[in-house]
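These are my notebook entries on what I looked up in the structure shown here.

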Amino acid sequence: MREVTTVIRFLVATLAVAMTAGGCAARQSQTLPPSVSSRLGVPERTDAGAGAVIPPGVTVEDGLTQEEAVAVALWNNPDFRVQLTDLGFARADLLEAGLLRNPVLSLLFPLGPKQFEATLRFPIEVLWERPRRVAAANLALVRVASGLEQHGLNLVADVKVAYVELVLARDRATLAEAAATQLDEIRTITDARLRAGDISELEARSATIDAARARQDAERARFDVQLRANTLRTRLGLSLLDVIITPASASSNSAVCTASPELVVGLLKDAIASRPDVRAAEIAVEAAGARMGWERSRILAVTAVLDANGQGKEGFEMGPGVDLGLPMFDRNQAGRTRARLDMQRAGLAYVAAQQRVASELTEALTQLSQARTTFASWQQAVVAPLEEQVRTAERAFAAGDISYLFVLETTRRLTDGRLRSREVEADIARAVARLERATGRTCDAKGRERAGGL
């Protein structure tokens, strides 16, 4: 029995040494890229299991700004929070990649003349496979983190566009109500002129139809405000909360975002450096290379064996050995082929990501330039002359030179011009949001500083 105790103690000590040696393998870096929160200055949320809440520093009672809407969405958007769980799965894969395979201890107990035997098997190929496996899993973790960051930037752009749509719908409803009121006054005057015999019934009927159509447009505009508010509420993840969303005025950094044609190449270079999805595609290439090295290391399987006998010819006996899997048929051909194809696919995906950035950037710059040009032209060629014409008409009416009907007609045209101008201004804000998504950073100076000074 003493021989059995001696063998067990020796095997346990050997097992402890093997596990310590395996656990001392170099740990891979788990440095993650900057999160969306750090890029935008939004505090990170730690209560992952809680429902929708308003983040600290945000007050919805005094009106929700665009920046506050972004903060609320990053805290509460359910789809984005579901995607964040992918980072936990990637961390679990990294943990699994660093684990050692359990040694196998075989014990044959003495019965009759048979002596006690013990065999300890430990797969030693893990000593050269584990660093490559951990490196591949660590790169996969960083790739997932970069992909999630891009999802966050996409959410930010969607929230900003939804915010702009709500502000535009509110302004459109106000201007549509003003236009309907003006056409109601025109109809009243037209009816009075019809009763006085100054105009025909056909002219009066046209004014009545225009007033009815304007009233319908105003009614539809009011419902559109509710629809846009529901869209923004869904983006913010506040559909289940009884919170009134009242937007403040939409801000636009179009002047900062505008780039001349000769600077587009430099802006594209900055965008490729800033976009998290491009970084994720680049890391995917590195991860595929690490996986290729890991698959090559799996060709040879070696297991260290330690055999001990309780009582041999000379008493206690022990001897080392190996179990060597001869790579005659299975040389991990399938794994190496998949790794090579994965490398090719990752390279093509990286090129596709760069082309996607170039396309989105060019389209966003074109939309921004077009909207700014249209807005400037509309303000100078339409709105400003109409404002001057309204002032002139009011002075002429006060002097008794023209009728009030002409003043109303001119004011209605100005209202239509302001509505069109507001729509073009919203196009600028949309283009800015898309440009920020294309470049992977906000257009303001603080956003560039948080993104690394790009």
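The entries below cover a helix packing, an aromatic pair and the surroundings of one arginine.

**Entry 1: helix packing.** I worked from a predicted model. I looked up helix 4 (residues 78–98) and helix 5 (residues 126–196), which pack with their axes 8 Å apart and at an angle of about 175°. Angles over 145 degrees count as roughly antiparallel, and helix 4 and helix 5 are therefore roughly antiparallel to each other. I then listed the residues in contact: helix 4 contributes Phe80, Leu84, Leu87 and Leu94, among others. From helix 5 I noted several residues, including Val134, Leu141, Leu148 and Leu155. By class, the residues of this contact divide into 13 nonpolar, five polar and five charged.

**Entry 2: aromatic rings.** I searched the whole structure for aromatic pairs and found one. Its members are Phe397 and Tyr404, whose ring centres are 5.2 Å apart; their planes stand at 50°, so the pair is tilted. Phe397 has a relative accessible area of 37% and is partly exposed. Tyr404 is likewise partly exposed, at 36%.

**Entry 3: Arg235.** I located Arg235 in helix 6 (residues 201–236).

Definitions and conventions:
Residues are numbered from 1 along each chain as its sequence is written. This is a predicted model: local features need pLDDT of at least 70, side-chain atom pairs count only at pLDDT 80 or more; totals for chains, interfaces and linings use all residues. Side-chain values use heavy atoms; hydrogens and water are left out. Axes are lines fitted to C-alpha atoms, for helices over the stretch in contact, and angles run from 0 to 180 degrees between N-to-C directions. Helices (H or I, at least four residues) and strands (E, at least two) are DSSP runs, numbered from the N terminus. Angles under 35 degrees count as roughly parallel, over 145 as roughly antiparallel, 65 to 115 as roughly perpendicular and the rest as oblique. Contact means heavy atoms within 4.5 Å. Ala, Val, Leu, Ile, Met, Phe, Trp, Tyr, Cys and Pro count as nonpolar, Asp, Glu, Lys and Arg as charged, and the others, Gly among them, as polar. Rings of Phe, Tyr and Trp (its six-membered ring) pair if their centres lie within 6.5 Å; planes under 30 degrees apart count as stacked, over 60 as edge-to-face and the rest as tilted. Buried means under 20% relative accessible area, exposed over 50%, partly exposed in between (1.4 Å probe, protein chains only).
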